[in-house]
Each structure stands twice: as structure tokens, then as C-alpha cells.
Amino acid sequence: MTLTLNVNGKDVSIDTEPDTPLLWALRHLLNLTGTKFGCGMALCGACTVYLDGAPSRSCTTPVSAAVGRKVTTIEGLAGPTADAVRRAWLEVDVVQCGYCQSGQILAATALLATNPKPTDADIDAAMSGNLCRCGTYPRIRQAIRAAAESLKA
Ligand code: FES
Ligand code: FES
């Protein structure tokens with residue numbers, strides 16, 4: 001069936017089954033491959049996107065559940081907070097293999113959008129659902145602290 005989604009600010013129509021995971025609709029039908037498949041069971045955060053601004057697991061979200069909502073992927077993540085996060089990620093050189101990093105950046109940006117001065121405990125709590133097999137956690141924390149500082153300045 002034809003479904004219309006709003007992805008990164010644009011309405012797009014796709015032909016798929018309503019129970020297709022949003023992740024596959026984004027990657028296979030819309031070619032937005034920045035969103036990654038990790039576990040497929042809402043456990044790792046690699047597939048994180050925003051639904052109406054809130055981080056969500058696209059691997060376990062049926063595409064029909066995204067109809068009428070605003071979907072934001074790493075390709076469409078924009079604004080001063082996202083810019084500060086991206087800059088800090090580069091300054092701190094967070095990335096190792098990169099596979100988890102779209103999800104990490106989306107989660108970090110969502111954290112700073114709601115809590116511009118997070119404590120280390122706040123950071124750990126907000127980021128605990130985003131796993132990194134390369135163990136970049138210390139640099140992720142450092143980059144979030146740096147982004148928070150730059151947003152304050
Ligand atoms: S792929 Fe969705 S949470 Fe792991
Ligand atoms: S940078 Fe490799 S999994 Fe996180």
C-alpha cells in the first residue's frame with residue numbers, strides 16, 4: 001500500500017506493507033543509509049531516529065506508526081544543538097568504526113536539547129541505550145560535555 005511519511009521535513013510516498021520496520025523503509029526505500037541496523041530488537045540504539053523530536057528505535061517501529069509524525073534521521077538532523085554536537089564529535093575525534101555513531105549523535109543532541117547542562121550521571125542515563133562495540137564511551141561523554149560548554153558560551 002502507499003504510505004506518506006514526513007522525513008527530514010519533506011513528505012515522501014512509499015509503497016510497502018504497514019508492518020515493515022521504519023528502519024527498512026528509510027534505508028531501502030528512501031536510501032537514507034545513515035540509520036543503521038544493529039540488533040533489530042530495540043537493544044542497541046544503532047537505528048535511532050526521532051519521531052516528533054523524540055529518539056525512537058526504528059528497527060521495532062512499524063512504518064505505519066510513523067505516518068502523521070515527523071521523522072528525523074541523521075541526514076536531516078540540524079540546528080544549533082546538532083551543530084555543536086557534530087563539532088564536538090570532530091574535536092574530540094569520537095568515532096572509531098562509526099557504525100553506532102548516528103544513533104549516538106541523535107541521542108546526544110536530544111539530551112542537550114532538553115538538558116543543556118547535563119551531569120555525568122545525566123549523560124550516562126541518556127546514553128545508556130546506545131551501545132558502542134568499539135568502546136568510544138569516554139570520548140562520547142567528553143564530546144557531550146564539550147558541546148554543552150560551547151552551547152553555554
Ligand atoms: S537495531 Fe534497533 S535498537 Fe538495535
Ligand atoms: S564506533 Fe564502532 S561501534 Fe561505536
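Here is a walk through a sheet and the helices that go with it.

Please keep in mind that this is a predicted model, in which local features need pLDDT of at least 70, side-chain atom pairs count only at pLDDT 80 or more, and totals for chains, interfaces and linings use all residues. Residues are numbered from 1 along each chain as its sequence is written, while chains are lettered from A and ligands numbered from 1 in the order in which they are written.

Let's start with the sheet. Five strands form an open sheet in the order E2-E1-E5-E3-E4, with mixed pairing. Strand E2 (10–15) and strand E4 (54–57) stand at its edges with a single partner strand each, so one side of each has no neighbour in the sheet. From one strand to the next, the twist averages 45°. Strands here are DSSP runs of E with at least two residues, helices are runs of H or I with at least four, and both are numbered from the N terminus. Two strands pair if DSSP finds at least two bridges between them.

Now follow strand E1 (residues 2–7). With E2, E1 pairs in the antiparallel sense over six bridges, and Asn-6 stands opposite Asp-11 in E2. The hairpin of E1 and E2 has two residues between the strands, and in this hairpin Asn-8 takes a positive phi near 50°. With strand E5 (residues 70–72), E1 pairs in the parallel sense over two bridges; here Asn-6 stands opposite Lys-70.

How many of the six residues of E2 are buried? The number is zero, so E2 lies largely in the open. A residue counts as buried if 20 or more other C-beta atoms lie within 10 Å of its own, as exposed if 12 or fewer do, and as partly exposed in between, with C-beta atoms placed from the backbone.

Turn next to helix H2 (residues 80–92), whose 13 residues reach 18 Å from the first C-alpha to the last, close to the 18 Å expected at 1.5 Å a residue. The expected span is 1.5 Å times one less than the number of residues. Thr-81, Ala-82, Ala-84, Val-85, Ala-88 and Trp-89 are buried in H2. They cover an arc of only 160° around the axis, which puts them on the same side of H2; the arc is that of the directions from the helix axis to the C-beta atoms. Pro-80 and Leu-90, on the other side of H2, are exposed.

Notes. Axes fitted to C-alpha atoms, helices over the stretch in contact; angles between N-to-C directions.
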